[in-house]
Amino acid sequence: MTKRKIFVDYASTTPVDPQVIKAMKPYFAKLYGNASSLNDYGVAAKRALEKAREGIAKFMKAEANELVFTGSATEANNLVLKGHALKERKAKCHIAISAIEHSSILESAKWLEDQGYKITYLPVDEYGLLRLNALEEALKENATLVSVVHGNNEIGTIQQIEKIAGLCHEYDTLFHTDAVQSFGKIPISVEKVSIDFMTINAHKLYGPKGIGALYIDNPDSIKPLIHGGGHEFGLRSGTENVPGIVGFAKAVELRMEEMLPEAKRLVQLRDKLIKGILEIKDVHLNGHPTRRLPNNANFRFSYIEGEAIVLALDEEGICASSGSACSSTAGEASHVLLALKLRPEEARGSLRLSLGKYNTERDVNYIIQVMPRVVKRLRAMSILKPSRTKANCIS
Ligand SMILES: *Cc1c(COP(=O)(O)O)cnc(C)c1O
């Protein structure tokens, strides 16, 4: 018999909600029209597309025509940074991003830097909170766009987004936030916080993979990267993924209904998990103790590699992650953990447990029960563990 599996990697992706699948289904083989066609099928597809756009926009307190659908959050993040760079003159363009951005922001910024654009990487404190004085310095140096992730995907730290947005606006600088991990988990609205661009996607909130969206306050502040038939207000050409978009809207609707009670439930589970795991010797919490996503727990274990813990937990039926899914296969210490000023060996001993709607207290109890044994076994085999005689040789 296969062992019970506990999925605690909801920050990497989520299962599609059965109600989302049901909403999407008609748009594959029955209502398969091209939303740009003038025939009946096209009109039906167009109607579904615009209803979905309105639905999602409403939940972030935006107007429907401010939302552009993309093929992923990665694409939306590329569109913000590169679209801004194309719009600004190179000599004037200055993009400031936090040091703990998702790889889709970080690598876009690095690529632009290689093309000769000015990029500033803003430091964070030991909990992952953006250093506001560094932000203000970049703003004084005429930053044209600032991009800061709202809820970090690895360590779960939630930024002081009102303050950051407020500062950007004092200096007339555009502000983008990657809200992929926070949207649908904690309240965020582009009306309350003055945000110029915001990235979200469907597959982190029980919707399908391969669909994202970018909120754009002013369409004139950005240039498209993908040219063609002029879809999505001319900002992202290509026939719209109608089933994906319909599923995205349904997923958002369901999340918004469940958000507050679910956040409360997850915080309780998360805090129980954190308390239980921290009872093991030489284990520390990464990220902020309170300003963190309701579902995120991230630990570092002295003397063991994160990958080793993930593999050992997998054998116990626990599906976790050593960091972000995108960097954990590269075998390098995560740039997020290094930005917290952890030493590389500390950054490599990290484990992310991210909870979701199918986790129960029983799951948390099981993880707390299994972990000490796993850690003990791995530490017994570890060559990183300093004994009195070895300690001097390591340095
Ligand atoms: C997952 C994630 C992305 C990328 O989303 P895709 O739709 O998979 O491209 C971007 N930013 C954050 C914070 C994420 O967690």
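In what order do the 3 strands of the open sheet stand? The order is 9-10-12, and the pairing is antiparallel; two strands pair if DSSP finds at least two bridges between them. The structure is a predicted model, in which local features need pLDDT of at least 70 and side-chain atom pairs count only at pLDDT 80 or more, while totals for chains, interfaces and linings use all residues. Residues are numbered from 1 along each chain as its sequence is written, and side-chain values use heavy atoms, without hydrogens and water.

Helices (H or I, at least four residues) and strands (E, at least two) are DSSP runs numbered from the N terminus. Strand 9 (283–285) and strand 12 (350–354) stand at the edges with a single partner strand each, so one side of each has no neighbour in the sheet. Between strand 9 and strand 10 (residues 296–301) there are 3 bridges, and Leu-285 stands opposite Phe-299 in strand 10.

Now to helix 6 (residues 132–140), where Ala-134, Leu-135, Ala-138 and Leu-139 are buried, that is, under 20% relative accessible area, against over 50% for exposed and partly exposed in between (1.4 Å probe, protein chains only). Seen down the axis, these buried residues fall within an arc of 145°, so they line one face of helix 6; the arc is that of the directions from the helix axis to the C-beta atoms. Just after helix 6, Asn-142 takes a positive phi of about 60°.
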